[in-house]
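Here are some friendly notes to read with the model open beside you. Each point takes up one topic, and the cut-offs are given where a term comes up.

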Amino acid sequence: MREALALARQATIRGEVPVGAIVVRDGEIVGRGLNCPISENDPTGHAEVRALRDAAQRLGNYRLPGCTLYVTIEPCAMCAGAIFHARIARVVYGAPDSKTGALGSVVNLAAEPRLNHHASVEGGVLAEECAGLLQAFFTERRGSCNPVPGSGNNEERKNAG
């Protein structure tokens, strides 16, 4: 999780929401990802998806059985879907996400019996540190005079019309 936090800090430096993720197999990091939807204009540019892509490229297979994904925040539904398609065995996340968390907070896709793959899930690992990074980022953004493009905040809406 410490490596995922380091990646989340890199995302912050790039002006992205601070989320980082790594894929580990047999104790070795085989994939890394940090958020990039803003800088790359990519709605799928979540840290989890990027870490899965990196691991799949390195291992030469889109299926990643026996791997664990560590991520600083609870994955959303899109990322949970990618996790299940990749056949990740285990997901470990830091902070829960009460707005979009799809592994227990809003919905629990890992417990959906109709899905053909399930991963074990552990949440709350270094939760305070992970949540603190996100809180600091959004506190700074709210205090900024320059809204994040595409964020849909009120200041941006006023200036657009």
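1. Does Arg32 count as buried, partly exposed or exposed? At 34% relative accessibility, Arg32 counts as partly exposed; here buried means under 20% relative accessible area, exposed means over 50%, and partly exposed lies in between (1.4 Å probe, protein chains only).

2. A word on the ground rules. This is a predicted model, in which local features need pLDDT of at least 70 and side-chain atom pairs count only at pLDDT 80 or more, while totals for chains, interfaces and linings use all residues. Residues are numbered from 1 along each chain as its sequence is written, and side-chain values use heavy atoms, with hydrogens and water left out.

3. Now the overall layout. The protein has 5 helices and 5 strands, where helices (H or I, at least four residues) and strands (E, at least two) are DSSP runs numbered from the N terminus. Along the sequence they follow the pattern α-β-β-α-β-α-β-β-α-α. Of the 161 residues, 39% are buried. Among contacts (heavy atoms within 4.5 Å) between residues at least 6 apart in sequence, 54% join residues at least 24 apart.

4. Helix H1 deserves a look. H1 has 12 residues and reaches 17 Å from its first C-alpha to its last, close to the 16 Å expected at 1.5 Å a residue; the expected span is 1.5 Å times one less than the number of residues. Its buried residues are Ala4, Leu5, Leu7, Ala8 and Ala11. Seen down the axis of H1, they fall within an arc of 160°, so they line one face of the helix; the arc is that of the directions from the helix axis to the C-beta atoms. These buried residues pack against S1, strand S2 (28–34), strand S3 (68–73) and helix H4 (127–143). On the other side of H1, Arg2 and Ile13 are exposed. After H1 comes Gly15, with a positive phi near 85°.

5. Next, the charged pairs. The structure holds 7 salt bridges, each a side-chain nitrogen of Lys or Arg within 4 Å of a carboxyl oxygen of Asp or Glu. One of them joins Arg2 and Glu129, with the closest N and O atoms 2.6 Å apart. That pair links distant parts of the chain, since Arg2 is in helix H1 and Glu129 in helix H4, 127 residues apart. Arg32 pairs with Glu3, the closest N and O atoms being 3.3 Å apart. Arg32 lies in strand S2 and Glu3 in helix H1, so this pair ties together parts that are 29 residues apart in sequence.

6. A local pair, for contrast. Asp54 and Arg58 meet in a salt bridge (3.2 Å, N to O), and both lie in helix H2 (residues 47–59), 4 residues apart, about one turn of the helix. Salt bridges that share partners also join Arg2, Arg9 and Glu129 into one network.

7. Finally, Glu16. Glu16 sits in the loop between helix H1 (2–13) and strand S1 (20–25). Glu16 is buried yet has no salt bridge, and the nearest side chain of opposite charge, Arg14, is 7.4 Å away; Lys and Arg count as positive and Asp and Glu as negative, with His and the chain ends not counted. What does lie 3.1 Å from a polar atom of the side chain of Glu16? The backbone nitrogen of Ile38 does. Not counting residues up to four places away in sequence, Glu16 touches several residues, including Asn35, Cys36, Pro37 and Phe137.

Notes: A polar contact is a pair of N or O atoms within 3.5 Å; within protein, one must be able to donate a hydrogen and the other to accept it, and residues adjacent in sequence count only if both atoms are side-chain atoms.
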